[in-house]
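Please take the sequence and the three-dimensional model together, and keep both in view while reading.

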Amino acid sequence: LTANLALNLTFTGTTFVLALYLQDVRGYDPVVAGLVLLPLTVTLLALLPVGVRLERRTDARPPIVIGLAVMAVAAVLLGGVLVPGWNYPLVTGTLLLFGIGVGLMSTPVSDAAVGQASGVPQPLAGMAAGVFKMSSMLGSALGVALFTAATKLFTTNTAVDEARAAGLSAQQITTLRDALVDSKLAQRILSSLSPEVRARVIDAAREAFTSGVATTIKAAALVA
């Protein structure tokens, strides 16, 4: 259950903040952002049978441990390539690696919790499945909440300094910091600035948000 919790927390949290980054910093619409994340799904599905075969040759523990290790390495690499100078091939490579880790362990972690390898008595199988599903949902919910909070925590103050230098009030700066760069609320606050100053503040905000997302995803390696 602990491995399943870590799997869902890391996977959901990473993909959630990464989707925000793709839309807010890179300016992609939701459909394009989803397509950018598609390589992760490809290797996830491709490695599912590999995880099953590895489990049959040994037991559930090796593919789970290997999967978590691969996810941790992928998280560190992914956080390292999220820089203002976007390099999609590198990002694709780390997403493929991340999907390998998830695919390897998905079936074994389920079998270890509720399958024959779990040793759960038949009368308690339904209860075990319910607890397993609860750990999946809890991990996903915690992933979104914790990764969002961590992104805000790790976001640098570069944008705040630029906004303060541009003459925005403390209330406007606080509101701007809590809003997405391309949101209507942020654009309304920035509309009073000259185009040149507005561009500087937006660039600083995007760089700060990128830093927050990258650091959060690197920290995900500790969870995995």
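## Contacts and overall form

Among the contacts in the chain between residues at least 6 apart in sequence, 75% join residues at least 24 apart, where a contact means heavy atoms within 4.5 Å. The model is a predicted one, in which local features need pLDDT of at least 70 and side-chain atom pairs count only at pLDDT 80 or more, while totals for chains, interfaces and linings use all residues. Residues are numbered from 1 along each chain as its sequence is written, and side-chain values use heavy atoms, with hydrogens and water left out.

The chain has 10 helices and zero strands; both are DSSP runs numbered from the N terminus, helices being H or I over at least four residues and strands being E over at least two. Read along the sequence, the pattern is therefore α-α-α-α-α-α-α-α-α-α. The C-alpha atoms fill a box of roughly 70 × 35 × 30 Å, taken along the principal axes. Of the 224 residues in the chain, 43% are buried, a word that stands for under 20% relative accessible area, with exposed meaning over 50% and partly exposed the range in between (1.4 Å probe, protein chains only).

## The nonpolar cores

In soluble globular proteins, nonpolar side chains tend to be buried together. A nonpolar core is here a set of buried Ala, Val, Leu, Ile, Met, Phe, Trp, Tyr and Cys residues joined through side-chain atoms within 4.5 Å. The largest such core has 41 residues, of which Leu 18, Tyr 21, Leu 82 and Ile 217 touch the most other members. At least two residues of this core come from each of α1 (2–24), α2 (30–36), α3 (38–57), α4 (61–81), α5 (88–114), α6 (125–154) and α10 (195–223), and the largest share, nine residues, is supplied by α1. A second, separate core of 12 residues includes Ile 173, Ala 186, Val 197 and Ile 202.

Which residues does Tyr 21 touch, not counting those up to four places away in sequence? They are Arg 26, Leu 82, Val 83, Trp 86, Phe 209, Thr 210 and Val 213.

Helix α3 has 20 residues and reaches 30 Å from its first C-alpha to its last, close to the 28 Å expected at 1.5 Å a residue; the expected span of a helix is 1.5 Å times one less than its number of residues. At Leu 47, α3 bends by about 35 degrees, and a proline, Pro 49, follows within four residues. The bend at a residue is the angle between axes fitted to the seven residues ending there and the seven starting there. The buried residues of α3, among them Leu 40, Leu 44 and Leu 47, pack against α1, α2, α4 and α5.

For α4, the 21 residues should span 30 Å at 1.5 Å a residue, and the end C-alpha atoms are 30 Å apart, which agrees. The buried residues of α4, including Ile 64, Leu 68 and Met 71, pack against α1, α3, α5 and α10.

How do these two helices meet? Helices α3 and α4 pack at an angle of about 135 degrees, with their axes 7 Å apart; axes are lines fitted to C-alpha atoms, for helices over the stretch in contact, and angles run from 0 to 180 degrees between N-to-C directions. The two helices are therefore oblique to each other, since angles under 35 degrees count as roughly parallel, over 145 as roughly antiparallel, 65 to 115 as roughly perpendicular and the rest as oblique. Gly 51, Leu 54 and Glu 55 of α3 make the contact with Pro 62, Pro 63 and Ile 66 of α4.

## The kink in α5

Helix α5 has 27 residues and reaches 39 Å from its first C-alpha to its last, close to the 39 Å expected at 1.5 Å a residue. A kink of about 30 degrees lies at Ser 106 in α5, shortly before the proline Pro 108.

Pro 63 lies in helix α4 and, at 0% relative accessibility, counts as buried. Leaving out residues up to four places away in sequence, Pro 63 touches Gly 51, Leu 54, Glu 55, Thr 58, Leu 104, Met 105 and Pro 108.

Ala 186 is placed in helix α9 (residues 184–190), and with 0% relative accessibility Ala 186 is also buried. Gly 130, found in helix α6, is partly exposed, with a relative accessible area of 39%. Gly 130 and Val 114 are 16 residues apart in sequence and 9.4 Å apart in space, C-alpha to C-alpha.
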